[in-house]
Amino acid sequence: MKGPESEVLGPLRGHDFASVEDRIGGIVLARKAPRAWTAGIAVALLLLLGFLYGTTYLLAVGVGIWGVNAPVGWGFAIINFVWWIGIGHAGTLISAILLLLRQPWRTSINRLAEAMTLFAVACAATFPALHLGRPWLFYWLVPYPDTMGLWPQFRSPLVWDIFAVSTYGIVSLLFWFVGLVPDLAAMRDRARGRAARMAFGVLAMGWRGSAEHWRSYETAYLLLAGLATPLVVSVHTVVSFDFAVSVIPGWHSTIFPPYFVAGAIFSGFGMVLCLVIPLRRLYRLEDFITDKHLDAMAKLLLASGLIVAYGYGMEAFMAWYGGGTYEVYAQTNRFRGPYAPTYWSLLVCNVLVPQLLWSRRVRRAAWALFAISLIVLAGMWLERFVIVVTSLHRDFLPSSWGMYAPTRWDWVLLVGSLGLFGALMFVFVRLLPMISIFEVRASLPQAHVERGREGGQ
Amino acid sequence: MPENPDRREFLRLMGASMALAGLGAGACTRQPTEKILPYSSQPEELTPGEPLLYATALTLGGFARGVLVESREGRPTRIDGNPLHPASLGATDAFAQAELLALYDPDRSQVVTYLAEIRGWSDFLGAARSVRARAKAGADLRILTETVTSPALAAQLEELLAELPRARWHAWEPVSRANVNNGARLAFGELVQAHYRIDRADVILSLDDDLFGCGAASVRHARDFASRRVPEQPGRMCRLYVAESTPTTTGAMADHRFSLAPTEVEDIARAVARGLGIEVAGPAPRSPLADAIARDLWRHRGRGLVAVGEPQPPAVHALGHAMNDALGSPGTTVVYTDPVEASPPDPVQSLRELVRDIEAGRVQTLLILGSNPVLSAPADLDFAAALRAVPLRIHHGLQVDETAELCHWHVPAAHALESWGDARAFDGTSSIVQPLIAPLYGGRSQHEVLAALSAHPERSGYEVVADYWRAKLGGGENAERRFRRALHDGLVEGTAASARTPRLRPDLSLAPDRAASAPRAEGGIELVFRPDPALFDGRFAANPWLQELPRPLTKLTWGNAAIVAQATAARLGVEDGDVVEIARAGRRVRAPVLLLPGQPPDVVTFHLGSGRRRAGRVGSGVGFDAYPLRTSDALWSATGARIRRTGARVPLARTQEHLTMEGRQPVRSGTVAGYLARPGFAAEAEPSPPPAHSLSAPFAYSGHAWAMTIDLSVCTGCSACVVACQAENNVPVVGKEQVLAGRAMHWLRVDTYVEGTAIHDQPIPCMHCEQAPCELVCPTEATVHGAEGLNDMVYNRCVGTRFCANNCPYKVRRFNFFHYSGAEPEIFALRRNPDVTVRTRGVMEKCTYCVQRIDRARIQAQILGRRVRDGEVTTACEAVCPTRAIVFGDANDPEARVARSRASPRNYALLASLGTRPRTTYLASIANPNPEIES
């Protein structure tokens with residue numbers, strides 16, 4: 001155990017239990033936030049305002065303000081939904097699967113990744129409701145004993161989505177919160193203001209760090225990790241059913257579940273890198289989130305990217321091998337049709353550019369990594385555009401073929417959802433320790449020498 | 001509430017009740033406050049909820065088409081064909097369907113105006129009295145009408161002309177029969193009218209004659225043609241050759257379609273005539289093609305037919321008459337009668353005389369009845385300038401249009417559904433037009449306006465019409481009975497024009513038409529003018545149903561385009577939507593081009609009637625006006641025009657962009673020979689997969705099993721079904737922007753595919769799949785399967801995920817992206833079908849197989865204690881179809897027509913390989929080409 005830990009956490013030079021708490025907890029307890037934080041949240045709130053404006057207009061007038069039309073019934077809203085849900089995958093993967101696989105380097109990034117997951121799921125969850133023709137009736141998709149005696153139509157993948165996404169959201173929230181409890185107690189103890197002490201105190205739920213507490217905590221956390229692990233696979237599998245269950249060429253495909261899961265992890269790691277790199281710089285957290293962390297995440301990005309690339313290859317191969325008129329056309333329409341530029345750019349973003357990560361130098365260059373992860377995020381969004389739009393716009397009967405063009409309101413909601421995500425993220429880093437204090441402390445060399453003092457406050 | 005509440009109690013109760021009030025206002029739909037009044041005396045024969053049908057007639061270009069109008073509690077709500085009427089036989093065209101909306105159009109003029117100020121009818125009567133007084137004293141009064149077939153109106157006019165010494169009657173009709181009439185005069189030396197009996201013809205040659213397009217007899221022609229296109233009776237299949245200068249629905253039905261420049265049609269006519277052994281003066285180039293047609297016609301002499309269209313010059317009409325004479329057609333496939341028109345037979349000549357007289361200062365008063373010559377008169381006559389020179393100008397029409405704008409007086413016209421009148425069909429059969437509702441906007445009929453000029457200015461339209469017909473029907477008790485009978489039947493028996501046997505003039509020279517024989521200008525293009533398939537001559541421009549109707553073949557809505565061939569577009573370097581400028585004789589028009597397969601090269605087709613300046617909120621400024629290029633010497637085609645690109649672009653609101661089948665086979669077609677060799681070729685091309693294994697037994701459909709077949713052999717693509725469906729099912733109009741965004745709402749669309757020279761039309765309603773992909777994916781059970789096989793929509797359960805529309809392989813589902821029905825004028829609520837839910841925003845909708853009609857028939861059958869019988873349920877599209885291509889019924893009833901057509905070997909399901917098992921199936925299109933002609 002000691003070997004790999006100290007290898008990863010090598011640069012934690014000179015830190016002891018107190019300094020870890022000072023550095024991480026200090027970010028939250030500092031009176032003044034850095035100027036970059038203020039500027040960042042201002043931009044995010046501005047975009048969020050746009051989101052609210054777009055949503056209000058949407059609710060007042062109807063989904064007709066978007067570019068959706070007769071052959072292309074789904075547009076940006078569903079693309080954004082799938083994209084955000086995909087991004088939301090990294091958190092649970094890092095927290096749960098890496099915990100079970102005993103990858104200790106996760107401790108520096110799991111808190112951030114989990115928060116990112118929650119916020120991404122929140123962003124994602126807005127879209128399926130907003131994209132409805134009558135959004136105020138969204139709860140009809142939820143099984144509840146209504147006076148009409150009607151249940152949802154359980155064969156519809158949209159109903160499965162409701163279960164998959166809400167389960168994922170709830171489990172992720174619990175997992176994140178349980179992981180926060182010891183740190184909340186630490187913050188409670190350090191906070192000077194009465195309000196902050198009260199707030200942290202309530203949230204810490206009476207944590208005193210007793211051995212009994214720790215025992216319960218460890219068990220609960222492990223159980224939750226076990227519970228969350230299948231969700232990493234299930235959510236995007238179910239989301240892929242929205243497409244795979246249909247008859248539309250380009251959607252009707254058995255490869256979709258694994259292909260979607262890989263894509264989700266791919267974009268999730270992209271987003272984690274995207275957040276971690278600037279935050280590390282802003283709060284000078286290089287001691288905790290080291291280049292080795294980035295290197296490990298870059299490797300995962302590359303690996304999941306290769307699976308995604310395999311998915312693209314198999315999709316094309318199966319269409320050709322199956323030889324069905326419509327399937328072959330759906331594929332050639334991606335290569336050569338009116339939306340071909342989106343297909344080729346997604347290949348560049350998701351397949352070509354990540355190959356740079358084979359180089360150790362690139363993996364260790366934070367800004368290169370940041371650029372690559374941005375490109376991957378754009379590529380994954382394009383992938384969903386290609387899946388949703390190019391499959392629908394030319395399906396079976398040439399007479400009903402059409403084109404899709406987003407309107408400015410489509411863009412307002414896409415950019416606005418970034419604002420929502422950003423605002424939540426900025427609020428999070430200001431109010432809660434973004435790195436797990438107690439887990440970092442537990443991985444200090446001192447923790448292994450003086451086990452008895454672990455967690456003692 | 002307790003007796004003496006303390007403050008606490010009071011606040012508690014107030015709080016609770018306000019919260020409840022808030023809930024009530026927020027959560028429930030508020031009902032508007034309305035007073036409802038019962039009938040103080042129940043109208044006769046009216047049962048609330050039960051529709052009543054009245055027979056009447058609607059005119060197009062002056063000729064009557066008989067209709068049955070459905071009235072609901074006094075409101076006309078739908079129009080069907082009159083089965084007894086010779087021009088209808090139970091079907092209608094799209095125009096007749098859309099007249100319903102024209103009736104309610106809130107942009108119709110609503111008041112009498114003088115110099116744009118509001119006046120009363122009595123003021124107009126006063127003005128009319130002084131006009132009459134002056135006319136009696138010898139002042140020039142001119143009356144300009146459209147084509148008039150109305151016997152009562154003609155009688156009124158003749159009486160007036162006899163009374164007033166210097167009164168004269170002119171007529172102007174932009175889509176008239178001038179060439180037809182002049183051709184008949186040229187051939188026979190007298191005015192006779194030719195009627196085609198297509199049901200008797202074995203071989204038909206159409207020379208630019210849009211037999212099934214928009215015309216007085218098009219519905220009848222289509223029906224007659226369809227009766228001879230039953231591939232199951234291969235011996236009776238007729239053969240249709242069409243030589244046309246722009247693709248039409250008639251050309252789409254042809255076994256051999258020749259796409260020619262307008263001037264080239266005469267060449268082929270002369271060549272065929274020579275092949276028939278007719279001596280034609282002047283050159284007649286030989287062509288193996290023409291010889292083959294001639295041989296085919298000759299083989300079927302006595303049962304051959306040459307039909308020449310109005311766009312061709314009189315010389316070609318004379319050739320046509322000569323060919324029919326040589327083939328022995330008169331009496332069988334061609335019937336000659338007295339002319340049916342009462343107005344001057346050559347409107348161009350008539351209008352020219354009027355303009356000449358105005359310019360000579362000889363016209364003191366001009367009364368314009370219905371016509372809109374400022375829009376539609378030939379450009380070289382400059383009617384607007386002439387009109388301004390008339391001292392007193394009176395206009396009577398449905399709208400304040402371009403002509404009304406320049407007139408002193410404007411009198412709002414009553415719609416045909418709200419006034420008395422009469423009209424004759426193409427064959428002369430008279431119909432009495434009866435009102436279904438009192439004038440909504442205080443309009444007056446033409447009879448009343450003419451009466452105002454007569455000795456009895458207060459005579460009502462009813463008195464004029466009823467007196468005329470009672471006298472005509474012999475007077476007395478018997479006449480009253482016959483009058484009532486005529487009203488009931490929708491036609492006056494025995495009024496068809498009497499048959500004639502005219503003789504060809506012995507000195508008939510059959511010389512080529514002067515204009516046509518002129519060599520084609522080098523580098524110039526030929527222009528073709530045609531009535532718009534939806535707006536006709538522009539009179540329907542204010543009608544949103546027709547504006548939004550995808551035109552046959554081009555699928556263009558909301559506007560028109562310069563239709564060009566691919567080769568022409570490539571030469572000019574333009575694509576769909578690129579604006580070109582067309583110049584001819586000093587006049588210029590800018591228009592976006594539309595590439596249409598089958599268009600002859602270097603020929604530009606314009607549909608008239610768009611680009612109107614004054615056509616209400618709906619029609620003003622939509623499309624471009626082609627009339628400025630149309631001159632009196634080139635009404636239908638013109639040579640020597642110049643075209644250049646401008647670089648501008650205008651988006652074309654088309655509902656179908658791809659006219660090719662892309663290697664798929666939605667339409668399956670063959671020839672008679674191929675069909676006889678392999679009757680089941682269509683279904684074999686795409687077999688259904690075997691039923692999927694299922695744990696539950698498949699549903700048996702032991703009751704009714706509703707199904708529809710559509711015979712592609714006879715569908716002309718006329719699109720009357722599209723408007724009929726819109727009227728029946730309260731389908732909203734969405735406007736040009738929404739059509740451009742791909743959101744047209746028509747529940748039924750007509751797809752067009754071009755395959756070589758062949759054009760196929762395919763109406764696509766909901767397929768009502770037994771294994772419907774839409775039902776599986778709906779999360780709220782808003783689309784479910786009925787026990788009789790209907791794929792039902794539950795509007796109030798729909799939340800609008802649009803998953804069903806995505807998963808529909810036929811893309812027949814339509815979504816209310818906005819609150820389209822709420823955007824319609826309030827008065828349109830009157831014309832809505834009360835049996836059909838009006839859909840709100842955010843709800844999916846689609847073809848229901850007219851479930852309301854099924855339910856009505858079921859209720860009737862239950863009252864009678866029996867099953868619904870075949871023919872008791874007709875869908876709106878089926879009822880309107882001129883060719884009876886659409887058949888609906890119970891597939892479980894072996895005697896039902898639909899069961900029989902489903903049993904045809906031609907029957908195939910669209911996208912059968914998906915295993916959806918559609919209830920709507922198609923009968924393959926079978927052509928009957930001449931084996932001697934390759935292509």
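**Exercise 1.** Identify the buried residues of helix α5 (residues 178-188) of chain B and state what covers them.

*Solution.* The buried residues of α5(B) are B:A178, B:N179, B:V180, B:N181, B:N182, B:G183, B:A184, B:L186, B:A187 and B:F188. A residue is buried if 20 or more other C-beta atoms lie within 10 Å of its own, exposed if 12 or fewer, and partly exposed in between, with C-beta atoms placed from the backbone. Helices (H or I, at least four residues) and strands (E, at least two) are DSSP runs, numbered from the N terminus. The model is predicted: local features need pLDDT of at least 70, side-chain atom pairs count only at pLDDT 80 or more, and totals for chains, interfaces and linings use all residues. Residues are numbered from 1 along each chain as its sequence is written, while chains are lettered from A and ligands numbered from 1 in the order in which they are written.

Next, the count: ten of the eleven residues of α5(B) are buried, so the helix is largely enclosed by the rest of the structure. The cover includes β8 (193-196), β12, α10 (314-326) and α11 (347-359) of chain B; contact here is C-beta atoms, placed from the backbone, within 7 Å. Just after the helix, B:G189 has a positive phi of about 75°.

**Exercise 2.** Check the length of helix α9 (residues 288-299) of chain B, then locate its buried face.

*Solution.* The expected span is 1.5 Å times one less than the number of residues. For the twelve residues of α9(B) this gives 16 Å, and the end C-alpha atoms are 16 Å apart, which agrees.

The buried residues are B:L289, B:A290, B:I293, B:A294, B:D296 and B:L297. Exposed B:P288 and B:R299 sit on the face turned away from the buried side.

**Exercise 3.** Describe the burial and pairing of strand β24 (residues 603-608) of chain B.

*Solution.* Six of the six residues of β24(B) are buried. B:V603, B:T605 and B:H607 point one way, and B:V604, B:F606 and B:L608 the other.

For the pairing, strand β20 (residues 525-531) of chain B runs parallel to β24(B) and is joined to it by six bridges; pairing requires that DSSP find at least two bridges.

Methods:
Arc of directions from axis to C-beta. Contact = placed C-beta atoms within 7 Å.
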